[in-house]
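Student: I would like to go through some structural terms and see what each one rests on. Please show me the structure.

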Amino acid sequence: MPTTQPNRRPHKARGGSGSFAVLDPATGEPFDEAPDQSPEELDAIVERAHEAWREWRADPDARAAALLAAADAVEDAAPDLAPLLTREQGKPLPESYAEVARTAARLRYFATLRPETQPIADGRPVHSEVRWRPLGPVAAIVPWNFPLQLASAKFAPALAAGNTVVLKPSPFTPLATRMLGSVLAQALPEDVLTIVTGREPLGDRLASHPGIRHVTFTGSIPTGRAVARGAASALARVTLELGGNDAAILLDDVDVEQIADRLFWAAFRNCGQICMAVKRVYAPARRYAEVVEALAQRAKSTVVRPGLEAGSQLGPINNALQLARVERYTARALADGARAVAGGRRIDRPGYFFAPTILADVPAGSPVVTEEQFGPVLPVLAYQSIDEAVEAANDTGFGLGGSVWGTDLDRAEAVAERLECGTAWINHHGELSLAQPFAGIKDSGVGVAGGPWGFYGNLRPFVVHRPREA
């Protein structure tokens, strides 16, 4: 297993902790342990984060320099971080390297942002302006699908705004995040960013901790509701990204062969374990067989093997609970009358591998259509009219993203305007810029991440009035 370099300050829990096993999803077997930290340890960590905040918030130039140095350290540590991330998460090694690179890029991006003082022109005989102040210690709770990338999406803007951060990764993927904490400790002052690991109720305690001023969480809707309730008890701000059930609508003028690769990987990258992955495809009835066949060909030719093996295109599902969910949804769809034109089953080998699956003739009410399956399974549904397709795409409690695919871009954009979601793409899906806002509607979330919007979400306005000069 990769380790930190000897000159790196190890990121260790203070005080006594138990531990819990971390499994390799490619084998289903334990390969390491992580600290199972106690409520008392968490209390001490939050208190130290509050003390560190006093100095960290005072010097924007020093913060920017520290974040840039942190980005350099992350890039230098990629040969250690990426293999460990693949080992505990399962994704192919090149994708882990890409995740590390994205982590460094996000640190660099937010290091450049500064809050702008805004004058208030209201006609009164006083000079008024809005300034911005950091909130205090921030709790960041991160899922297992993109442990480093989603962690940086939370801690980079929070730190740049002058807050300190207590970060809790998923118990399924704590190790690369702990290593990242050791790497970042080369550049950041002590206690500005602290990684805590453990099983529940540690996350609940962090979300409801009275010393936390902002809770940012990515995960399931039920857990998000619990996080919001906990944060409300401390009157802390919340930012919640709660997953999606993104629809892709193919128009009748679509060039299927031209877009099939992009569409397939928009659904199957990271084994479909992406909140904004394509999770439903709506194809015009007269092009339906063509679309199903194109996607099935790609599913059948995809190389599924452990992420550390050369040539792997899809690794395993991350954990046994998620594998069981994918199996259950697929079996229910087949029982409802769907056809598996590719895959449809678990792969007979150690670990949590599931064959890339294309489902045709799926009833619209099947859970694989109405819920977020979060795995390598894609239902394809036929529609007769574009109004029918849009209505079906919007008939969900989710509202994260959606896409429209076709040759006439103006027509595709007109259809995209009708989608009830936070982000709509045309002829691609799931691509995000560091400078853009990312937010869902309906049950897909509360608040905004990304770009200046995410940065200001970690600040509060402070208004100053003074008389104008005589």
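Student: What makes β15, helix α14 (residues 409-416) and β16 a right-handed β-α-β unit?

Tutor: A crossover is right-handed if, with the strands pointing away from the viewer, the path from the first strand over the helix to the second runs clockwise. β15, α14 and β16 are assigned that hand. Helices (H or I, at least four residues) and strands (E, at least two) are DSSP runs, numbered from the N terminus. This is a predicted model, in which local features need pLDDT of at least 70, side-chain atom pairs count only at pLDDT 80 or more, and totals for chains, interfaces and linings use all residues. Residues are numbered from 1 along each chain as its sequence is written, and side-chain values use heavy atoms, with hydrogens and water left out.

Student: How do you know that β15 and strand β16 (residues 423-426) pair?

Tutor: Pairing takes at least two bridges found by DSSP between two strands. β15 and β16 have 4 bridges, in the parallel sense, and Gly401 stands opposite Thr423. Strand β10 (residues 246-250) is also joined to β15 by 4 bridges and runs parallel to it; there Ala248 stands opposite Ser403.

Student: Why is strand β15 (residues 401-405) called mostly covered?

Tutor: Buried means under 20% relative accessible area (exposed is over 50%, partly exposed in between; 1.4 Å probe, protein chains only). In β15, 5 of 5 residues are buried. Gly401, Ser403 and Trp405 point one way, Gly402 and Val404 the other.

Student: What makes α3 largely enclosed?

Tutor: 10 of its 12 residues are buried, so the rest of the structure largely encloses α3.
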